[in-house]
Structure formats: structure tokens, C-alpha cells
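Student: Can we go through this structure together, chain by chain contact and fold?

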Amino acid sequence: MLQDILVTGLVNGGVYALLAIGFSLIFGVARIVNIAHTAFYMLAAYCFYALLVKAGLGFVPSAVLAVASVTLLAVVCYRLVIEPVREHEAAVLIATIALALIFQELMLFSFGGHYLGIPSTLEGGVRILGVSIPYQRMLILVVAAAMLTLVWFVLYRTRLGLAIRATANDLEVASLMGMNVHRVAMATVAISVALAAIAGVVVAPVFVVDPFMWLAPLVTMLAIVVLGGLGSLKGSLIGALIIGYVEAITVFAMPAGAYLKGAVALGIMVVVLLARPEGLFGVAFEEER
Amino acid sequence: MLRSIILAAATALVATAVQAQTIKIAILGPMSFVQGENHWAGAEMARDEINKAGGINVGGKRMQVELVRADTNEIQSVPDATNAMERVITRDKADFLIGGFRSEAVLAMQEVAMDYKKIFLGAGAAHSKLGANVEASYERYKYWFRVTPVKDTDLVRTLFAVLNTIAQQIRTELKTDMPKVAILAEKAVWTEALIAAAQKNLPAMKMEVVGTWQPSATATDVTAELSAIDRSGAQLVFTMLSGPVGISVGRQMGERNMKAVAWGINVEAQKEEFWNAAAGKAQFVSTLDTFSEVEMTPKTVPFVKAFKARFKKAPTYNAGTYDAIMLLKTAIEQAGTTNADRLVPVLEKISHVGAAAVLEFDKRHDPVWAPGKNTGLAVQWQEGKKVPFWPPNVKGMQPFKMPAR
Amino acid sequence: MYRVRRAWAELRNEVLVLPSRTLVLAWVVALLALPALYGDAYVMRILTMTCIFAIFAASWDLLAGYTGQVNFGHALFFGAGAYTSALMSHKLGITPWATIWAGAAVAMLFGFLVGYLCLRLRGSYLSLATLAFPLIALGLLFAFSDFSGGELGISGLRRLTLTPTANYYVASISMLVIVFGLWRLADSKFGIVLHAIRDDEVAARASGINTPLYKLTVFAVAAAAAGFAGALFAHYLRVAGPSTLEVALSFQVVIWGIFGGVATIYGPVAAVFILYPLTEWLGTFRAVGELRLLIFAVIVLLVLLFMPRGLTPWVRDKIETQCPRCKQRNGVWRKACRLCGAALQAQVAGAQRLVGHQ
């Protein structure tokens, strides 16, 4: 059982990390709580399904196209819907909720309310430490690790990353220093949604795809970013692993209580917040100007 | 000015006169989802069949059937369902109400229908509370009849009957005396009684319960449960699943090449889309079902064939609205009236041969469960098709298959 | 007689001078007179639900709009009120007229609890933490399903009153009383403190205001109102189920609140009265019906783009102006302030006012 927990926790944690880091990035830079983040994850899954099953393209072209189109859509949505109301935090909040609802309804309308299954990219499995893991889940883990490394590289070794970090740190001063804050924000949106879209593409074959699939990961992802500290990437990663393991432990140790895994994860988040109101690695923000 | 008033009055008069010639039946269900689609499809088949044959004979007068479509959106919102119910009764002036799916919503909808004393035929919710209300407060709830499915406690009887048959097959093929059974039931109120019954009765049926696992109804990942079941060495997984977890179970069991076979209630596995939803991996998953091209009654095969020809997919149990409307027709013609109070005693004593089963009602207005009359059937997914295998004595049944060891 | 003339004078001088107040008066009158004019059971059902949700939305605004505690889990209080009232009336046989107050009281306790847990949280942390509470409550409800009815909830509840009209009056009068009460609370010195807490809690603390006490009180009051609405809801539908705690419901009230205009109390109420019947009406058309949530979301988005502060502030700005000298509101057609006489519009055609609104 211990091996099961180790492996399952790692895989779940990897998936959550992909989602949480993207969300944290947008929040850190643009101060936007993007409720529609997991809705983009859902869109990518549907896009992948449409391209793979309906249009019959191969795995790699479908995946690349799905990620690219969802990212593009996100940037367009940002320009049209979010940017005009940037100053009004409350309005941004429900704009993202409204966007998520629109995507949900569009998918419900186009594909119907029933559950869809996407064929796995890789068939078969392997036994590690006595635990049988399908290759698809290993793929998720590998992709998650690769993406996280890539994000780290972009953020800490490129000029764009420098600009993103500077803007996250202090918007006004970054602007004074000559960085185009709007472009940086758009780039951040693009990177963040691309991460969510990649998550959607690799994860969707493992789970079922339906128009409401964005709600459950949303809650878990919010729990993770809050737990880790909003705006802190390291916090999001560690939070994702913690929550991934907590869920795995709940399910394996308490088989009759498996349905409680969501509530337990949230409970842990509340407990951590009581002790540290900014999350584990969060920075308490001064009042924004 | 006067002319337009007269014209309007005349049109209204004609309209009401025309309206009085039809019997309005409201079909209430979640129309964006498979359940509502089937509600409507079954109803349309009944309406077209009746109207083509001349309509319903109400005490000498022939009246056509008119359907009112009401989207309850019950899966997402219970108040929407009650609003829809109120609307079809007061605005659309429906005479009869058929449908429903989500038990929480149907309980609320039942209240509205009983307020207005309209006959409400259930075609989707299995919860026994709906019938218990009839017994507790007969005068108020007598207008409710459940057409499909049989109530949850009766489903158990079919489940155990089939379980016995499969266990016998396991005993013979795998040469083991006490087949090991793992119970995999979603965490929900409707499974509580089933789990308790299983845990109590299986040892007496010479089967060993190796464990009970309860994922959430919307769980998308059952690796944990399946790993544990693998380790326990179970040969049979007794499923009680109504949500999308049923798809995950089917798919992941196939992906792991599990040697155990799944039998039980798996509502998702009753749908045509299940095979694709499980990405072609759900071989050998078996479940309780209602419609298949076998002769449960003389009407079953013609109905299923006609349904498939018209709608290009097989009916789910919600298409029992067809039986509900046909039942109403028989009752109305017998009573000679559409008056609800006079129809109730007729319905209580009726024995109607439907497409799914022979319909009779007990004192809770639940369909009577009886072998040969109304038991449901069992199907197994083999190579992308739902193959019926139980009850064995019915014409058209095929053998149950198990994974190769 | 004196009272009548005084009332008429008040009416003319306080209410009818301002278009917004006149609208509110007209709305109250229409609401109360509806059953007499148009007794359709379906319409009354829709409006009863609207009134119940209006109480819910107004309570959220007090918490989120005025005090800045943007609560993403307001459905917890709604559900707590619904379940408490349901359990007490169903299992203990107490009359619903008593249990709805019990529902409000239990919801108030939950309000204290949530408020206490969230005392140290700020901004988005608070919002996301509050999102968790209804979900934890749902998990607990499912765990103790013998007690709570699990996914079915508790059904067969007794009605408060028997006829649709009586139910409608119960809902609408409760709504008017509660919303008015909340508005008076928000408009008082208490409300000013709440504004201070929202704008700069540190400064408020530095000024000597006991902000934790105020925050706890607001949580309690908002929770009580939401719980009352939940109890009314349960007894109207005769079912109290897990749908009263859904994330969707919490999001819905956030949308209503922000769409209508935060920190107004009447804004969310207006939003509910516009959006809820609208979505229901859209649902009656077969072609459009299945798309109604989509249309709802699109409308919300469009309105947000043009009226980012919400609907009612925008409408109010169109029909009223603020006097630059005494800061009181006047009808937009007026040339001079009704109270201090200052010029409201520029005296010279085409000239800009140097001192603007707000």
C-alpha cells in the first residue's frame, strides 16, 4: 500500500502542479484570480478529443494544435474581456466566472452532456515497486516535470522571465523601468494557459471528459495555490505535492472514506491558513495602489 | 377595432375547441442529457403510434395525444425542475405528467404535482421514498405511479439472482468453491441498503466478501480502489455505480487487464456511448439494464428495433415513457375518462404488457417485481456491443464471458 | 389626519424627488399588488423564488460589498439555514414558523465560525478559503447520511402557508423587511465603519476601531439573513438537499452581487429581479432553452464591459447627478440642487464643469 500511495500521490501531484503553477503565475503577475483556468484545461481536452477522434489526426499534431488554439483563445479573451475591466477587481472576478460558464455551455451544446473517453496516448503499463502504473500516467509525470523545468528556465534564465518576475514584484516600477507591462501580462496569460492546456491534453485520456470537468480540479487547484501561497511558484509546487499525497493517503488508507478526499484536502488548507494566513510560502501583499 | 376583437375572440374559441380535442401529456426531463433525450424519444414513439391509430378513445370520443416538452434541468438545479413542473401545469395546462430522473428533484416535483392533483408517472427515479409517500399519505400522493425503474430495493433481488448465476459460472470455470467478491459502491444513500444486504447475504450464498470500497460518484480515478481489489484476489467486482465513476471503473479495469469481472448496477454502462467513453477498454463489464433485443415481453423486440431505426441508438430505461403513455391509454380507455381521481383506481388494478416489462402496481404505486413479469435484464459489454445474458430462459440470451486467465 | 398629511409630505419631499427612490417605491407597490392584478401561479412561483434569492444576494453584499470580505462560499449559510429548519421541523415536529428562525440562528453560528476562521485572512486568500467551507460541509453531510439524507436531502417538509399567494406574500414581505433592514444597517454609522474596514483595515485598526468585532458581527448578520432565506427556500420547495450548498450557488450570488453593483444592497436585489426571471423565461423557449446559461453568462459579460461597477450604479448615474457643493443626489433634469441651490449644469453652453461627480 505504501508504494501505491507514493506513486499515486506523485502522479496526482504532478497534474495538480501543472494547473497550480499556471494559476499562480497569472495571479502573481496580473493579480487576476482566473476562475476560468481549469475551464481552459477542459477546452483543451475537448479540442484534443475533437482533433484526435473526430478529425482523425495523430496524437502529436492533435496535442500541439489543441494547446496552441486554446492558448490563442485565452489571449484573445484576455484582450477582449479582461483588459477593459482590469481596474475593477470584482468585475474581473465575475468576468472569469462568466467565461468559464460560457465555455461549459458551449461544450455542453456542441458535444452533449455525456461523458467522452479519449484513447490513451500510450497503452500498457509497467510495474514499479510492485505497483502497476499505466504508461499514460508515467507520461503525465514526465510531461509535468518537463513543463515545470521549462517554466523555471523561462522565468529564471530569459529576459522575458525577468520581466515577468519584475512585474510580479512591483508593477509600477517595472513599468517605469521600461517594460511593456501589457505585453508581459499577455505573455504570462499565454504561458499560464498553455500549461493548463498541456495538462488537459495529457490528463484527459486518463479521466472522463464532460462539460463539468472543470469544477472539481478548480477547487483542488484553488486549495493548492492558497495552501502554497498565492503568487509563489515554489509554494504551488509543494502545495500540489502535499495535496496529491493527502488525497492518495485518504483513498488508500480509508477505502470506505474515499469520497472524502476533497473535503480532507480542503480541511488541510483551512488548517494551514489558520496558522499562516498567507499560505506556506506566500508573501503578504501590501495594499495595492 | 371591433372587428379585431371579434376575430380574436373567434380564434380563441376555435383554439380552445381544438385544444379540447387533445390530451396533453407533459414530458419532464433534463433534455440536454441522455436521460431527457430518451424520455422524449420514447414519448414521441408512443404519441406517433397512438395518433396514427386514431388517438385515444375517451368514453366514445377520439382524442389525439399532444406532447409538451419541458426541460427541467434537474441535474444542475432542483428549483428549475419545480418551476418547469409548475409551468406545464398552470401555463401549458398539461393533463398528465411523465418523466423525472434525479431523485432529489423528483421528490420536489412530486410535491408540486400532488398540489394540483395531477397524475405523475415516474420514468427515471428509483428511490423508494417516492413510493413510501404514497403509503404514508395516500389521499395526497395517490396520483403518483412509478413506471420505471423498479424501486431500489427490488433491484437488489435481480442483482442477487444474476450474481448467483455468475458465481456458479465462476465456480465451474475457475474450480473454486467460494468466489471472492469485492463490493465497489459509490458513496450515496441509495447504495447503503444494497451494501448492507450484500454483506449479509453473500456469505450465505457461498461467496466471500473481501472488502467494500466506496469512491465518490463523480470520481474520475479509481486506481486506488482497483489496486486494492487486485491485491485482495477477488474474482468478481460487485458494482453499485450511477455516476461517471462507472466509466472510470470500466476503463481502468480494462487497462489494468484485471482478471476480475464486474457485475452490478453501472448506469453509465447502460448507455450506448459507454464503450467509447471508456476508450474501448471496458470489455466484460456487465450491468443491470432494461431494454435489449430480446423477448422480455412480446412487445420488446419490435419496440427496440423501431427505436433503433428511428433514433439510431438503443433506448435506455428512460424510454420507458413509451410504456407510461401506452399504460395511460389503456387506463383511460378502460375508465372512459381522463379525470385523475377516476383513473387512479383503474391504474392500481391494471396489468399492462409494456415493451420493457409487464406493469402492475403495488400499494405504494411501485411496479411489482416478479420473474417473468418485471425483473429487468442483465447485459455484458463484449467487443463494443451490449450482449444480454440474463434471464437465461428468455429467447435471445447469450452466454456470459469472463476474462481469460 | 396630521399623520396622513405628514406622510404625504414625506413622500413628496423625500421619495418622489429622486427618480431612484420613486422607482423603488413603484417596485414595492408592484410587488405587493401583484397577486391582485395577475394571479398566475407560475409567475408567483418565479417571483417567490426571486424574493428568496434576493434576500440571499443582499446578505452577500453586506459582507462582500461593504466589508470587503468577498465570500465565495456564501451558500454554506444558505444550506445551513435550509438543513436546520428542515431537520427540526421534520424530525422534531416543530412548526416551520419557529424553525425558520432556528435556521437563521444556526446559520448565524456558522457565520461566527467562518468569520473567526477568516479573521486573519485578506483579499483573495479569504475568498478562496471561504470557497472551501461549503464543500467541507457537503463532505460531512455525505458522511452522516443517515442523519442528513445524503444526496437526497430531507424531503416532505411542511409548507409555511398553503396557497401560492400566501407563500408569495411571506417571501416578498420577508424580503422587503430584511433588505430594508440591511440597507438601513449599511447606511448607518455601522456601515461607515464597514466601508473603512474594506478600504484600509490597518488604518481602521489604527483609528481605534475593533475591526475583528465588526467583521464577526457582519459575518453573523449576513449569515443569519442568508440562513433565513435558505429556510424559506427549503419550506417552499419542501426539499432541503445538497443543492443548497453547491459551488454553483455560491458563484451565482457573487455574479448577482457584482452584476447589480457592490456596496449598494439594492444592487444585488435588482440583479436577482432582472436575471432570475430572465433566465427562467429564456428556458421556456425550446430553441433557446438549452442555451440559457450561456446567454446568461454572455449578458453578464457584456454588461460588465460597459458597466464595470455594476448595473445599478450605472443606471443611477444616468438618472441622477450629485451636487458638487452639498453632495446630495438630484434628478438629472434639474438645473439647481434641490437642497442647496447650487448650479448643477454648466451655465454656459458647452463649458465643462471643473468639479465633477463623486
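Tutor: Here are some questions and answers on this predicted model.

Student: How many helices and strands does chain B have, and what is its radius of gyration?

Tutor: Chain B holds 14 helices and 15 strands. For 405 residues the globule rule gives 22 Å, and the value for chain B is close to that, so chain B is as compact as a globular protein of that length. The radius of gyration is 23 Å.

Student: What share of the residues of chain B count as buried?

Tutor: Buried here means 20 or more other C-beta atoms within 10 Å of the residue's own. Of the 405 residues, the buried share is 57%.

Student: Which element of chain B gives the most to the side that touches chain A?

Tutor: At this interface, 31 residues of chain B are in contact with 25 residues of chain A. β8, α9, α10 and α11 of chain B each supply at least two residues to that side. With five residues, the element that gives the most is α9(B).

Student: How many residues on that side of chain B are charged?

Tutor: Sort that side of chain B by class. There are 11 nonpolar and 11 polar residues. The charged residues number nine.

Technical notes. Residues numbered from 1 in each chain as written. Chains lettered and ligands numbered in written order. Predicted model: local features only at pLDDT ≥ 70, side-chain atom pairs only at ≥ 80, totals over all residues. Contact = placed C-beta atoms within 7 Å. Helix = DSSP H or I, 4+ residues; strand = E, 2+ residues; numbered from the N terminus. Nonpolar A, V, L, I, M, F, W, Y, C, P; charged D, E, K, R; others polar. Rg over C-alpha atoms; globule rule 2.2 N^0.38 Å. Buried ≥ 20, exposed ≤ 12 C-beta atoms within 10 Å, placed from the backbone.
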